[in-house]
Amino acid sequence: MAFADPANSESSVRVDDTGRQFSENGSPGRPGWDEYFMEIARTVATRATCPRAMVGAVLTRERRILTTGYNGAPRGVAHCSDAGCMIVDGHCLRATHAEANAIVQGALHGVSLQGATAYCTHQPCAGCSKLLISAGVVRIVYRDAYPDAVAEQLLGEAGVALEPYQADAVRMLT
């Protein structure tokens, strides 16, 4: 492990080969909010039922989880993992995208998404970007790039911040 000396801090942090940080006594450092919610999105993605991609989304506001979603078939429809994917033009039409499912959860349970941040394991497509814009999401943090020029243009025009996820350089050690 290497030692890093965080700015404006009197404690040292050890970083292992995976980037995980530890205090001098070996206890794990506390993750920042982006890391925390992105890890939850990654866990949500493990519920995905379309084998083409394991995608997860977590919608938050004021450091609280509002909804989650993963890619899979709509309620009452057979999962891709059971019935196979319905591929048209290279896309599975059986599965609903994770971001759309997270928005639907808000609608089903009366949860406003106005002012929310979306943490997505993959960069949202144009269709999901439009839904996120219309739902009132103001910031999107994504882990894996899925470049879509139309999505980026729409998000920019709507004033929605689109940010690639960057693991915390230094964690709070409290």
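## Helix pair

Axes are lines fitted to C-alpha atoms, for helices over the stretch in contact, and the angle between two of them is taken between N-to-C directions, from 0 to 180 degrees. The model is predicted. In it, the axes of helix α3 (residues 98-109) and helix α4 (residues 126-135) come within 9 Å of each other, crossing at roughly 30°. Angles under 35 degrees count as roughly parallel, so α3 is roughly parallel to α4. The α3 and α4 crossing is left-handed.

On the α3 side, the contact is made by E99, A100 and I103; on the α4 side, by C128, L131, L132 and A135. Six residues of this contact are nonpolar and one is charged, with no polar residue.

## Largest nonpolar core

The largest nonpolar core has 16 residues. Those that touch the most other members are L59, I103, L113, A118, L132, V137 and I140. Two or more residues each come from β4 (56-61), α3, β8 (117-122) and α4. The largest share, three residues, is given by α3.

## Surroundings of L59

Leaving aside residues up to four places away in sequence, L59 touches R64, I65, L66, T67, A102, I103, L113, T117, A118 and L132.

Technical notes
Residues are numbered from 1 along each chain as its sequence is written. This is a predicted model: local features need pLDDT of at least 70, side-chain atom pairs count only at pLDDT 80 or more; totals for chains, interfaces and linings use all residues. Side-chain values use heavy atoms; hydrogens and water are left out. Helices (H or I, at least four residues) and strands (E, at least two) are DSSP runs, numbered from the N terminus. Angles under 35 degrees count as roughly parallel, over 145 as roughly antiparallel, 65 to 115 as roughly perpendicular and the rest as oblique. A crossing is left-handed if the near helix is turned anticlockwise from the far one by less than a right angle, and right-handed if clockwise. Contact means heavy atoms within 4.5 Å. Ala, Val, Leu, Ile, Met, Phe, Trp, Tyr, Cys and Pro count as nonpolar, Asp, Glu, Lys and Arg as charged, and the others, Gly among them, as polar. A nonpolar core is a set of buried Ala, Val, Leu, Ile, Met, Phe, Trp, Tyr and Cys residues joined through side-chain atoms within 4.5 Å. Buried means under 20% relative accessible area, exposed over 50%, partly exposed in between (1.4 Å probe, protein chains only).
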